Amino acid sequence: MALKTEQMVLNMGPQHPSTHGVLRLELELEGEIITKVTPHIGYLHRCFEKHTEAMTYPQVIPYTDRMDYLASMYNEFGYAVAVERLLGIQVPERVDFIRVIMGEFQRIASHLVAIGTYGLDIGAFTPFLYCFRDRERILSLFEMTCGARLLYNYIWVGGLSHDLHPDFVRSAKEFVTYFRPKIKELNDLLTNNKIFIDRTANIGILPKETAINYGISGPNLRASGFKWDLRKDDPYSIYNKFDFDIPVGQGSMGTVGDCWDRYYVRILEMEESLKIIEQALEILPEGDVTSAIPKRIKPPVGQVYSRVENPRGELGYFIISNGQVNPFRIKVRGPSFVHLGVMNELCKGHMVADIIAILGSIDIVLGEVDR
Amino acid sequence: MTYDFFFNLTGSYVWADIIQSLLPLFIFILPFALFAVWLERKVSAHMQDRLGPMRVGKHGWLQTVADIIKLIQKEDIVAENNDKPLFNLAPVLVFVGTYAAFAAIPFSSAYIGSNIDLGVFFIVAVSSFVVAGILMAGWSSNNKYSLLGAMRSAAQIISYEIPTVLVIITIVMITGTLNLGTLSEMQTGHFWNWMIFGGPTFGLTKILLIPFMILAFGIIYTSTLAEVNRTPFDIPEAESELVSGYHTEYSGMKFAMFFLAEYANMFAVSAIVAALFFGGYQSPVGYLGNLFNIPWLVPVEQLFWFTAKGLFFVFVQMWLRWTLPRLRVDQLMQVCWKYLIPLAFVNLIVVGLLTLL
Amino acid sequence: MREYFNNIWTAVITILIGMKVTFKHLFVPAVTIQYPDVKPQLPERERNRLYVNMDDCIGCDQCARACPVDCITIETVKGLPGEDLGKTSNGKKKALWVTKFDIDFAKCCYCQLCVFPCPTECIYMTDTYEFSEFERNNLLYDFVTLTPEERLEKKANYEKYEAEKATEKAAAKTQPTNKTAETKE
């Protein structure tokens, strides 16, 4: 006679060290094997979309900062591009260059947090602090430029709040030369570590078709072996002026689309971002960054959907204007929210320890999931 | 030696026994735990380009004392649905298991808590006592994370006992004794007499033994690392998965007991490794006491060498912890059953054949 | 079998490489600073607590309107015609008494949107970042330089002036109607 067994329901979060914020995962376990994962979200809901309807267009920018708080620059970038399309204005070339430089720095900073906290999830504490040490330097560059370290309000509709600091170009170049060896060190310490590979390779495999069906974008989609990057495939700003590669998952340690691939694509992307920054710093044109900022932003009646390649994936803004100073409706298509949906698919049949590895590898930011 | 001294001092066997048994606790374990916690923080901080505690005392050396004072003052929380007798007993049991192991550890030729002939065997037996404590803690906490942690811990400690014991058997086969005091005495002289360099007897066997001894050392060091739940084998308390495993629900002094036991255990296993492979309390180069003919200096030097060796291995444990990620629970078992145990068996057979030479 | 030994080999080697990296870092000087003793060098554009230079404030309310979280509250009273309110540093003549200029730093999000519209550049961000309080009310900063009595006085003055003007107007109104009435007659 078979013994009657019951599944254990384990509540992971909202107060759990590695749910990257306040996410609650309801796990159904068969021993330590997961049969079902249900993410419960909303603990950080701040009514961003409704709130914007009471704000003027420039006032929305500080709120966009607070969505994906690890990539604030890019949220502003996306919003500014969307409103500029609605207004039909062209920004000066220098503004575009500075936006790209800042955006790529933000991408490196965001990936550093993703990689560092991923190491922390797997149990390696030291790489986490090395990553944060390097991220601090990027944040200092931002602070030098606009005075804030996390929530910048720097990229405005039609321009930028400040021009670059006179020392910026030198410091940025210094950072690029400083950072390249650090990536190698990180690879030595974590990426190629046998234990780390054992923990992440062949775990949470996301096949290309599933990824596309679930609407996955950004590094997670590229790790599944699909070459899709909005910077190349739907160019905005001046990304078509730069020469860079789009790294895709090779499955070199296991299967294409496993956790290790998702992790490694981020490391490769940081190198590509360094390339873009170097090129942009070389040919940075002179000019006035505030000249194109409209005095009063009152877009014509209409709507726009504009998307940018956020460090985490496709960040889209859908804005409806009814000709007032306030937007009629803003809808955000956030990558983290979409990526969280694939959790159940990825986690089935894995162990409790793997759920941490999978959640860390898809790199969500709860501020943006809940908005 | 010290026992006779205490007997003469107090004139009673009972008092001499009590003092003798409490000596390692107050002279060694408590100060060591305080120092080791501080060292762990400092080592981790400097490996991560930080400074670590700097405020309490010079370079924060009193920080752990301050922490202990804080822990004593903290409220002792016992949740309503905890199994109270087990919950209260668990930390004591864990600590007792660790503390008992110190009885057979030879700190110097003058002080061995209890110089029993079954020394190594006693330590192995008594340190498995810890498993019972951890299981009790996990079960009585009435918390799923604690239970998972405790289950993992039980599986882990019991599995890793096998390679440990196999390596110990290898050593015992060469030396023919289980008494740690005798084992240490055998490795006297200079460092080339240590077991890691093939033991005290000279000849072809000694040279042939060296690679196998190094392998044996690797196996026992890895498995003791797992027995004390240190990274990469810290899955019973993996903070990113199980919050903090079996001691999630503990606070105040009970938590401090677990903590104390962990650090005491770290030294205990390091001491065993040192005693088995690195000459125990023997100096690698000779004694100043013998050189200047001061007999009482020799045991003191021995204590110094023993502590230094133990601390070195504790340092390596910390070094590993702040370098490596942790394994998953099934991989942990894989490392034990697929790698360590077969290798330990092969090693045992080869060493057995070599000793026949 | 080869894979088996390969696994052991890569594990040992990668662990040793990792240990080498961390060991090197033992001797690298720390990047952190001892915060309250050593303070970080802040850049000149640092965006921390707001400061309002009331000598220059003309009470135009533009900063309050730019604020996305409504943390600035401004109330003004018109100056009397003969009164001299002084000039701002860039030569503008003031016309309003600012009787209330509160910034609630519990609400402020340090976005700097209030700084740019200011015509006299009297509101700006400083590099003070240590201003935590035990009481939330203490975070409500009052920047007005007038004493509470003066504020009441200005308000009363203006009300009196308004009242006088109103009566004057009323008087003026009644007079012309009388005139027209007269002419009609």
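In this predicted model, 31 residues of chain A are in contact with 27 residues of chain C.

**Chain A against chain C**

Together, chain A and chain C bury about 2,300 Å², and 57% of this area lies on carbon and sulfur atoms. On the side of chain A, the residues that lose the most area to chain C are A:Gln59, A:Glu143 and A:Lys194, which together make up 21% of what that side buries.

How many salt bridges are counted between chain A and chain C? The count is 0. Polar contacts are present, however: 16 residue pairs are in polar contact between chain A and chain C, with both residues at pLDDT 80 or more.

Four helices of chain A each give two or more residues to the side that touches chain C: α2 (57-65), α5 (126-146), α6 (168-191) and α7 (194-200). Of the elements of chain A, α5(A) gives the most to this side, with 7 residues. Sorted by type, the residues of chain A on this side are 14 nonpolar, 10 polar and 7 charged.

**Chain A against chain B**

Chain A also meets chain B, with 32 residues of chain A in contact with 23 residues of chain B. Chain A and chain B bury about 2,500 Å² between them, with 60% of it on carbon and sulfur atoms.

Between chain A and chain B, 2 salt bridges are counted. In a salt bridge between these chains, the side chains of A:Arg133 and B:Asp49 meet at 2.6 Å, N to O. Side chains of opposite charge can pair when their charged atoms come close. There are also 9 residue pairs in polar contact between chain A and chain B, both residues being at pLDDT 80 or more.

Which elements of chain A give two or more residues to the side that touches chain B? They are β1, α4 (93-122), α5, α6, α7 and α14 of chain A. Here β1(A) gives the most, with 5 residues. The side of chain A that touches chain B holds 19 nonpolar, 7 polar and 6 charged residues.

| Interface | Buried area | Share on carbon and sulfur atoms |
|---|---|---|
| Chain A and chain C | about 2,300 Å² | 57% |
| Chain A and chain B | about 2,500 Å² | 60% |

**The sheet that holds β1(A)**

The strand β1(A) belongs to an open sheet of 3 strands in chain A, with the order β1-β2-β3 and antiparallel pairing. Strands of a sheet pair through backbone hydrogen bonds, either parallel or antiparallel.

Why do β1 (8-12) and β3 (33-40) of chain A each have one side without a neighbour in the sheet? Both stand at the edges and have a single partner strand, so one side of each is left without a neighbour. On average, neighbouring strands of this sheet are turned by 20° against each other, direction ignored.

The antiparallel pairing of β1(A) with β2(A), residues 24-30, runs over 5 bridges. Within this sheet, A:Leu10 stands opposite A:Leu27 in β2(A). Helix α14 of chain A, residues 352-362, packs on the sheet and touches β1, β2 and β3 of chain A. The direction of α14(A) makes about 145° with that of β2(A).

**Another strand pair in chain A**

Further along chain A, strand β6 (residues 302-310) and strand β7 (residues 313-321) pair in the antiparallel sense over 9 bridges. A hairpin joins β6(A) to β7(A) through 2 residues. A:Gln303 stands opposite A:Ile320 in β7(A).

**A sheet in chain C**

Chain C has an open sheet of 3 strands in the order β2-β3-β5, with antiparallel pairing. Its edge strands are β2 (72-78) and β5 (140-142) of chain C, each of which pairs on one side only. Neighbouring strands of this sheet are turned by 15° against each other on average, direction ignored.

Strand β3(C), residues 96-104, is joined to β5(C) by 3 bridges, and the two run antiparallel. The bridge partner of C:Asp104 in β5(C) is C:Leu140.

**Salt bridges**

Over all chains, the structure holds 38 salt bridges. One of them pairs A:Arg99 with A:Glu84, with the closest N and O atoms 2.7 Å apart. This pair links distant parts of the chain, 15 residues apart: A:Arg99 lies in helix α4 of chain A, and A:Glu84 in helix α3 (residues 72-87) of chain A.

Methods. Residues are numbered from 1 along each chain as its sequence is written. Chains are lettered from A and ligands numbered from 1 in the order in which they are written. This is a predicted model: local features need pLDDT of at least 70, side-chain atom pairs count only at pLDDT 80 or more; totals for chains, interfaces and linings use all residues. Side-chain values use heavy atoms; hydrogens and water are left out. Contact means heavy atoms within 4.5 Å. Buried area is the accessible area (1.4 Å probe) that two parts lose on being put together, summed over both. A salt bridge is a side-chain nitrogen of Lys or Arg within 4 Å of a carboxyl oxygen of Asp or Glu. A polar contact is a pair of N or O atoms within 3.5 Å; within protein, one must be able to donate a hydrogen and the other to accept it, and residues adjacent in sequence count only if both atoms are side-chain atoms. Ala, Val, Leu, Ile, Met, Phe, Trp, Tyr, Cys and Pro count as nonpolar, Asp, Glu, Lys and Arg as charged, and the others, Gly among them, as polar. Two strands pair if DSSP finds at least two bridges between them. Axes are lines fitted to C-alpha atoms, for helices over the stretch in contact, and angles run from 0 to 180 degrees between N-to-C directions.
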